[in-house]
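Here is a short briefing on a protein model, grouped by topic. Keep the structure open as you read.

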Amino acid sequence: MLNVKLMNIVITRLFTKGEYTHGSLSIDGTRICCTLENANALVPSGDYVISLLKCKQYSRKMICLHGSAPCSQCPKLKLVCSNSTLPCWCPQIKPGNGVHNRLDGSILVGVYNCPGCIIKPRDIFDALYERIRKSISRGNQVLLSIV
């Protein structure tokens, strides 16, 4: 029998105001960073298996919530609302400062600055990505729970 360990990532949604939802991300019970989501395009609460997939939109591997995301069929940009061109729906954990017009299920990570804004997103994302990558390379499964 294989000894597969499980990395548990939990996103706790703390409050919603206007078009943004602030939250907290923890790994195995230890708080890591803050999260920010568009309240109009929230990923449903539940459990998701995390995978690292090459995203055509960002031309790099990203932290995807759905292991079966059809990245090979993803157009570079897709019209998702009447006045903006955004990536097609592919829920991901990614860097970014604000959620205005992000209707693609993005979960942004960073340090809380003020309502609707987070700072240091690239530093936090890179550290989180590396931690998940190392866990997956060791044969562990990464599970995300959104509550």
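Ser135 is found in helix α1, which covers residues 121-137. This is a predicted model. Ser135 counts as buried because its relative accessibility is 5%, under the 20% cut-off. Beyond its neighbours within four places in sequence, Ser135 is in contact with Met7, Asn140 and Val142.

**Overall make-up**

- The protein has one helix and twelve strands.
- From the N terminus, the elements run β-β-β-β-β-β-β-β-β-β-β-α-β.
- There are 147 residues in the protein, and buried residues make up 45% of them.
- Take the contacts with a separation of 6 or more: residues 24 or more positions apart account for 49% of these.
- The protein exposes about 7,800 Å². Carbon and sulfur atoms supply 55% of that area.

- Strand β2 spans residues 20-27. Eight of its eight residues are buried.
- Both faces of β2 are covered. Tyr20, His22, Ser24 and Ser26 are buried on one side. Thr21, Gly23, Leu25 and Ile27 are buried on the other.
- Strand β1 (residues 6-17) runs antiparallel to β2, and eight bridges join the two. Thr12 has Ser24 in β2 as its bridge partner.
- The hairpin of β1 and β2 has two residues between the strands. In this hairpin, Gly18 takes a positive phi near 65 degrees.
- Strand β3 (residues 30-38) also pairs with β2 in the antiparallel sense, over eight bridges. Ile27 has Thr30 in β3 as its bridge partner.
- The hairpin of β2 and β3 has two residues between the strands. Here Asp28 takes a positive phi near 50 degrees.

- Is His22 buried or exposed? His22 counts as buried because its relative accessibility is 2%, under the 20% cut-off.
- His22 lies in strand β2. Residues up to four places away in sequence aside, His22 touches Thr12, Arg13, Leu14, Phe15, Thr35, Leu36, Tyr112, Cys114, Pro115, Gly116 and Cys117.
- Cys117 is 95 residues from His22 along the chain. Their C-alpha atoms are separated by 9.1 Å.

**Nonpolar cores**

- In soluble globular proteins, nonpolar side chains tend to be buried together.
- The largest nonpolar core here has 25 residues. Ile63, Leu65 and Ile132 have the most contacts inside it.
- Which elements give two or more residues to this core? They are β1, β2, β5 (51-55), β6 (60-64), β10 (107-114), α1 and β12 (141-146).
- Helix α1 supplies the largest share of this core, with five residues.
- Ile132 touches Met7, Ile9, Ile50, Leu52, Ile63 and Val142, leaving out residues up to four places away in sequence.
- A second, separate core has five residues. Among them are Tyr20, Leu36, Val99 and Leu108.

**Ring contacts**

- Arg60 lies over the face of Tyr129. The distance from the ring centre is 5.0 Å.
- The count of aromatic pairs comes to one.

Technical notes:
Residues numbered from 1 in each chain as written. Predicted model: local features only at pLDDT ≥ 70, side-chain atom pairs only at ≥ 80, totals over all residues. Heavy atoms only, no water. Helix = DSSP H or I, 4+ residues; strand = E, 2+ residues; numbered from the N terminus. Buried < 20%, exposed > 50% of the residue type's maximum accessible area, 1.4 Å probe, protein only. Contact = heavy atoms within 4.5 Å. Pairing = 2+ DSSP bridges. Areas by Shrake-Rupley, 256 points an atom, 1.4 Å probe, with all protein chains shown as cover. Phe/Tyr/Trp six-rings, centres within 6.5 Å; stacked < 30°, edge-to-face > 60°. Lys NZ or Arg CZ within 6 Å of the ring centre and 35° of its normal. Core = buried A, V, L, I, M, F, W, Y, C linked by side-chain atoms within 4.5 Å.
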